[in-house]
Amino acid sequence: MRALALLSAALVLSIAPAPAQPQSPQQVAAALQAKYDKIRDFSADFTQQYESGVLRRKITERGQLQVKKPGKMRWDYAEPEKKLFVSDGARIYLWVPADNQVTVSDVPKQDEATTAVLFLVGKGDLTRDFNVSFAAGPAAAGTYALRLDPKLPERDYDWLEIVVDQKTMQIRSLTAADRQGGQSTFHLANLKENVGIADSMFTFRIPKGADVVTAGGTAR
């Protein structure tokens, strides 16, 4: 669940106007940071592909994402299994309808949050908190591929990679890599920013009869 939070934060950074040529990775990063400060909310369709580092097992999921600052996000997974991940800014809920189970956790405090999560609450700075470079290997035509290495060790991920369109600076893909060699890649479509998403979209009511799992145990 914390991984989804940091990915949402990085996704917000990827909506930006095209800065002037020529581009260095630091110039691209600075443009993303400047635009981030103006983003209030965004929505997109997503495809998530995860490959584990040990077994090389691949999983593909699809759904819709909505994010609203500060700290609100909603991931509606539609395929292959329906599930819902919601943060209202104070608590995080993960509901799996097939199991009728809800996992509840508190949003991490600022001194406990990862660097990327802090972007959701407006406390992070891309060029200050990450070593920024172009990703290894040739980028796809018409794109920039940035690799973000946190300057301080992060417990939830090792590095991030963002691929954006050179003309529109809208995201094409986002990858987060963990220390066990696993990678989660998100592909976005129909990206829309500052659409005025209602706060009610981030309110979650626990279904009647659901198993509720918290840090303190399980209760009906």
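Hi everyone, let me start with a close pair: D149 and R147 form a salt bridge, and their closest N and O atoms are 2.9 Å apart. Before I go on, please keep in mind that this is a predicted model. Back to that pair: D149 is partly exposed at 21% relative accessibility, and R147 is also classed as partly exposed, at 27%.

How many salt bridges does a search of the whole structure find? The count is six, and I'd like to show you two others among them.

Take E61 and K83, whose closest N and O atoms sit 3.1 Å apart in a salt bridge. E61 belongs to strand β2, residues 58-68, while K83 belongs to strand β4, residues 83-88, so this contact ties together parts that are 22 residues apart in sequence. Is E61 buried or exposed? With a relative accessible area of 12%, E61 is buried, whereas K83 is partly exposed at 21%.

Next, D106 pairs with R91 in a salt bridge, and here the closest N and O atoms are 3.4 Å apart. This one also links distant parts of the chain: D106 is in strand β6, residues 101-106, R91 is in strand β5, residues 91-96, and 15 residues separate the two. D106 counts as exposed at 54% relative accessibility, and R91 as partly exposed at 41%.

Finally, a look at a helix. Helix α2 covers residues 25-36, which makes 12 residues, and spans 16 Å from first C-alpha to last, close to the 16 Å expected. Its buried residues are P25, V28, A29, A31, L32, Q33, K35 and Y36.

How values were computed: Residues numbered from 1 in each chain as written. Predicted model: local features only at pLDDT ≥ 70, side-chain atom pairs only at ≥ 80, totals over all residues. Heavy atoms only, no water. Helix = DSSP H or I, 4+ residues; strand = E, 2+ residues; numbered from the N terminus. Expected span 1.5 Å × (residues − 1). Buried < 20%, exposed > 50% of the residue type's maximum accessible area, 1.4 Å probe, protein only. Salt bridge = Lys/Arg side-chain N within 4 Å of Asp/Glu carboxyl O.
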